[in-house]
Amino acid sequence: MVSSSHEALHRIFQQEPGLFSRVARNLGVAFPPPVSTSELSTDLTEIQPLERRVDTLLRMDTEDGSFVLAVESQSRPSADKPASWAYYLSHVYAKYGVPPVLLVVCPDRKTAAWAGRQFEIGPRQWPSLTLRPLVLGPDDVPVIDSPDEAARDIPLTILSAALHRSEPAADAILNALAKALKGLSADDESSAGTFIELMEQGLGTTRAAELWRHLMAVDLSFFQSQTAQQLRAEGEAKALLLLLGHRGVEVGEGDRERIVGCGDPEVLDEWFKRALTAGSMTEVFEGGVG
């Protein structure tokens, strides 16, 4: 069964095809940004009853020419995959007559290292095919933990969070993304909702997914009523306690009561930002806030 986190790692390129040219630069390959794109059928099945489907398939038309981008989300090494990938590329080339490029997106370093190998297909004396995927792993996408930077490229920030989802940096990325999406929602609520869904999918069942759900649930700041402000403060407190638990910071009973009893969302937000790097509750509370 295909997992939701698997889906997000290739669907982000459907949502924002131009993301490919931006992340390819991190891999040392220069692709011009697309002038236009079109989604192609991912069904590569032939007449024979053998179903083969690539995750995402996009035709990218640029000022330099056209190519077909096949995006595969790969969560673990698989001995069968190189043969499938070679089939995808040769079939796409035969069908569309356009040069194909394979991008494999891996949420962990072990899988990325495996997928980044050069796969040779054929006898050792003379391999007939050589497969060279472009591979995106955690080391190929930067940690984006600034709200301003996140707002400049939300799709890249989603990819950053998805690929770093099991690392400590995920908390700061998600906090920055939440603030960036809050700004986007004021102008384009539909796109913001799509990105929120993609981010939740991309986090899978990691602990970061629970933090993301709390961050999304508590952002009621656009309401000004006393009840809404109280609800927001309660949600901020829960998110802060969750973050502290994830980071292994010891929270005493008095500290917990102080957090839960704080009714000021701005104070709680300041504590949350400090908790992203703090090693103790003293560091969270210091500075005269609250």
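**Figure 1. Thr62 in strand β2 of the predicted model.** Thr62 belongs to strand β2, which covers residues 56-62; the model shown here and in the other views is predicted. With a relative accessible area of 13%, Thr62 is buried. A polar atom of the Thr62 side chain lies 3.0 Å from the backbone nitrogen of Asp64. The backbone oxygen of Gly65 is also approached by a polar atom of the Thr62 side chain, at 2.8 Å. Leaving out residues up to four places away in sequence, Thr62 touches Pro32, Pro33, Pro34, Val35 and Phe67.

Figure 2. The Arg59 side chain forms a polar contact of 2.9 Å with the side chain of Asp61. Not counting residues up to four places away in sequence, the residues touched by Arg59 are Ser36, Thr37, Ser38, Leu40, Ser66, Phe67, Val68 and Val98. One of these, Ser38, is 21 residues from Arg59 in sequence, yet the C-alpha atoms of the two are 5.3 Å apart.

Figure 3. Pro17 sits in the loop between α1 and α2, the latter spanning 19-24. Pro17 is buried, at a relative accessible area of 14%. Beyond its neighbours within four places in sequence, Pro17 makes contact with Pro34, Thr37, Leu58 and Met60. Between Pro17 and Ser36, which are 19 residues apart along the chain, the C-alpha separation is 9.1 Å.

**Figure 4. His10 in helix α1.** His10 is part of helix α1, residues 4-15. The relative accessible area of His10 is 3%, and His10 is therefore buried, the limit for that class being under 20%. Residues up to four places away in sequence aside, His10 touches Asp55, Thr56, Val71 and Ser73. Thr56 lies in the range of strand β2, residues 56-62.

**Figure 5. Packing of helices α7 and α8.** Two packed helices are described by the angle between their axes and the distance between the axes. Helix α7 runs over residues 169-187 and helix α8 over residues 189-203; their axes come within 7 Å and cross at roughly 155 degrees. Because angles over 145 degrees count as roughly antiparallel, α7 and α8 are roughly antiparallel to each other. On the α7 side the contact is made by Leu174, Leu177, Leu181, Leu184, Ser185 and Asp187. On the α8 side it is made by Glu189, Ser191, Ala192, Phe195, Ile196, Met199 and Leu203. Sorted by class, this contact comprises nine nonpolar, two polar and two charged residues.

**Figure 6. Ala180 in helix α7.** Helix α7 contains Ala180. Ala180 counts as buried, at 6% relative accessibility. Apart from its neighbours within four places in sequence, Ala180 is in contact with Pro147, Ala150, Ala151 and Ile154. Ala180 and Ala151 are 29 residues apart along the chain, and their C-alpha atoms are separated by 4.6 Å.

**Figure 7. Helix α12, a mostly covered helix.** Helix α12 comprises residues 265-275, and eight of its 11 residues are buried. The buried residues of α12 are Pro265, Val267, Leu268, Asp269, Trp271, Phe272, Arg274 and Ala275. Asp269 and Arg274, both buried in α12, are of the charged class.

**Figure 8. The whole protein, for orientation.** The protein has 13 helices and seven strands. Of its 290 residues, 47% are buried. Taking contacts between residues at least 6 apart in sequence, 62% join residues at least 24 apart. The accessible surface comes to about 14700 Å², and carbon and sulfur atoms account for 49% of it.

Technical notes
Residues are numbered from 1 along each chain as its sequence is written. This is a predicted model: local features need pLDDT of at least 70, side-chain atom pairs count only at pLDDT 80 or more; totals for chains, interfaces and linings use all residues. Side-chain values use heavy atoms; hydrogens and water are left out. Helices (H or I, at least four residues) and strands (E, at least two) are DSSP runs, numbered from the N terminus. Buried means under 20% relative accessible area, exposed over 50%, partly exposed in between (1.4 Å probe, protein chains only). A polar contact is a pair of N or O atoms within 3.5 Å; within protein, one must be able to donate a hydrogen and the other to accept it, and residues adjacent in sequence count only if both atoms are side-chain atoms. Contact means heavy atoms within 4.5 Å. Axes are lines fitted to C-alpha atoms, for helices over the stretch in contact, and angles run from 0 to 180 degrees between N-to-C directions. Angles under 35 degrees count as roughly parallel, over 145 as roughly antiparallel, 65 to 115 as roughly perpendicular and the rest as oblique. Accessible areas come from the Shrake-Rupley method with a 1.4 Å probe; for residues, only the protein chains shown count as cover.
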